[in-house]
Amino acid sequence: MTHAPIDCGSPANRDVLLDADVYYVCRRCTACCKWPGDVRLEDHEIPPIAAHLGLTVDEFIATHTRLRTNRKGLSLLEKDSHECIMLDGNHCRIHPVKPAQCRGFPNKWRVPGWRQVCEAEAVPLATARAMGLLAPDGSA
Ligand code: SF4
Ligand code: SF4
């Protein structure tokens with residue numbers, strides 16, 4: 001029995017592109033930065049983010065993070081509106097060092113109904129490669 005590719009969920013499939021021929025180019029609509037839920041921080045992502053903000057790791061953890069819902073790691077804090085604490089207008093304050101969870105959406109993980117709100121432009125994968133949007137190893 002074969003299974004269709006899973007079209008949602010994040011941690012398990014962040015290392016693969018979900019579509020073989022299409023790449024979604026983010027248009028910075030910021031919808032995904034406003035969804036309630038965890039913005040997962042992996043341990044190795046914390047020092048560069050803290051440095052980018054001019055904070056020590058301890059200062060960053062104390063002022064910008066909380067436990068994930070499953071209590072198995074850290075998440076960025078959210079504002080009362082549920083948008084990410086790093087969102088400033090339509091600008092991500094940590095864009096050059098943002099977490100893999102952010103970089104991976106929507107090419108590596110998705111949520112049900114994502115296409116109704118995400119304004120990313122679908123381009124052929126070959127075009128995305130030619131535009132330099134993928135790493136040399138093919139990862140996004
Ligand atoms: S870290 Fe940046 S890209 Fe990620 S959810 Fe927050 S504002 Fe959006
Ligand atoms: S919802 Fe889609 S287009 Fe909008 S910021 Fe997120 S990935 Fe980019």
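A residue is classed as buried if 20 or more other C-beta atoms lie within 10 Å of its own, as exposed if 12 or fewer do, and as partly exposed in between, with C-beta atoms placed from the backbone. The model is predicted, and local features need pLDDT of at least 70, side-chain atom pairs count only at pLDDT 80 or more, and totals for chains, interfaces and linings use all residues. Residues are numbered from 1 along each chain as its sequence is written, and chains are lettered from A and ligands numbered from 1 in the order in which they are written.

The shell around ligand 2 comprises C26, R27, R28, C29, T30, A31, C32, F105, P106, C118, E119 and A120, a residue being near a molecule if its C-beta atom, placed from the backbone, lies within 6 Å of it. By class, this shell holds 8 nonpolar residues, 1 polar residue and 3 charged residues; Ala, Val, Leu, Ile, Met, Phe, Trp, Tyr, Cys and Pro count as nonpolar, Asp, Glu, Lys and Arg as charged, and the others, Gly among them, as polar.

Two of the shell residues, R28 and T30, lie in the loop between β1 (22-25) and β2 (40-41). Helices (H or I, at least four residues) and strands (E, at least two) are DSSP runs numbered from the N terminus. R28 has a positive phi near 55° although it is not glycine, and it is exposed because 12 other C-beta atoms lie within 10 Å. For T30, likewise not glycine, phi is positive and near 75°; T30 counts as partly exposed because it has 16 C-beta neighbours inside 10 Å.

P106 is situated in the loop between α3 (100-104) and α4 (114-117). The peptide bond from F105 to P106 is cis, with omega near 0°.
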